[in-house]
Amino acid sequence: MFVKVCGLSTPESVRTAAEAGADAVGFVLTRSPREVTPAQARELLAHVPAGLPAVGVFRHEAAADAVALARAAGLGWVQLHGDRTPADVRTVHDAGLKLIRAVTMAAAPEAFADWGEDLLLIDAAVPGSGEAWDYASVRAKGLAGRNWLLAGGLDPANVAGAASQAGAWGVDVSSGVESSRGVKDLAKIRDFVAAAKSLAAKP
């Protein structure tokens with residue numbers, strides 16, 4: 001089970017995610033309670049082990065602007081939310097970066113097609129609520145055989161069940177490992193990664 005811990009903003013939370021076994025870490029470079037500047041992200045990157053993907057998260061920025069900000073931060077991955085096009089995928093790849101393309105369950109059917117992104121992220125129909133949703137409904141999107149991440153309302157207590165219901169290849173968490181909005185709880189990060197990784201040990 002691939003695990004991405006997102007919205008990190010302190011050296012301690014970055015180190016904890018990496019030591020717990022996360023497969024990727026995310027820094028929010030768009031307006032959010034978790035927002036960090038490219039300069040801050042670059043400083044946090046110093047605490048990311050070599051080879052561990054570090055992702056810059058963007059919401060409404062144009063793909064070219066997201067690429068510029070990610071480069072300024074020294075990040076090799078870009079995560080794009082909002083209404084996107086295949087041209088956005090090409091923009092990121094042409095810049096030599098890898099892409100996570102995020103869609104919500106309310107998106108049009110064509111948004112779930114393979115546009116060549118490195119990973120697809122599927123969020124709740126109303127993202128940002130932090131509430132659990134009908135994870136099993138993702139199975140109707142025909143994603144078998146593709147690498148994609150489940151997000152939205154996940155926490156240490158429900159991640160294993162949610163990922164199993166959805167048939168997810170990986171999971172992404174932010175608010176579900178916080179003690180308050182934007183403040184990461186180190187124990188919850190450890191518990192979340194352990195719970196998600198426990199799926200791999202089951203027959």
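Okay, some housekeeping. The model is predicted, so local features need pLDDT of at least 70 and side-chain atom pairs count only at pLDDT 80 or more, while totals for chains, interfaces and linings use all residues. Residues are numbered from 1 along each chain as its sequence is written, and side-chain values use heavy atoms, with hydrogens and water left out.

Let's start with helix α3, residues 63-73. Helices here are DSSP runs of H or I, at least four residues, and strands are runs of E, at least two, numbered from the N terminus. Just past the end of α3, Gly74 has a positive phi of about 80 degrees.

Now for α3 against α4. They pack at an angle of about 25 degrees, axes 9 Å apart, where axes are lines fitted to C-alpha atoms over the stretch in contact, and angles run from 0 to 180 degrees between N-to-C directions. That makes them roughly parallel (under 35 degrees). On the α3 side, Ala63, Ala64 and Val67 meet Asp88, Thr91 and Val92 of α4, with contact meaning heavy atoms within 4.5 Å.

Over to α1 (residues 11-20) and α6 (residues 186-197): here too the angle is about 25 degrees and the axes are 9 Å apart. So α1 is roughly parallel to α6. Glu12, Ser13, Thr16, Ala17 and Ala20 of α1 make the contact with Leu186, Ile189, Arg190 and Val193 of α6.

Next, Ala22, which sits in the loop between α1 and β2 (24-28). Is Ala22 buried or exposed? Buried, with a relative accessible area of 6%. Beyond its neighbours within four places in sequence, Ala22 contacts Val3, Val5, Ala17, Leu52 and Val193.

Finally, the cores: sets of buried Ala, Val, Leu, Ile, Met, Phe, Trp, Tyr and Cys residues joined through side-chain atoms within 4.5 Å. The largest has 59 residues, and Val5, Phe27, Ile122 and Leu150 touch the most other members. Apart from that one lies another core of 13 residues, including Val28, Ile100, Leu119 and Leu149.

Note on methods:
Buried < 20%, exposed > 50% of the residue type's maximum accessible area, 1.4 Å probe, protein only. Parallel < 35°, antiparallel > 145°, perpendicular 65-115°, else oblique.
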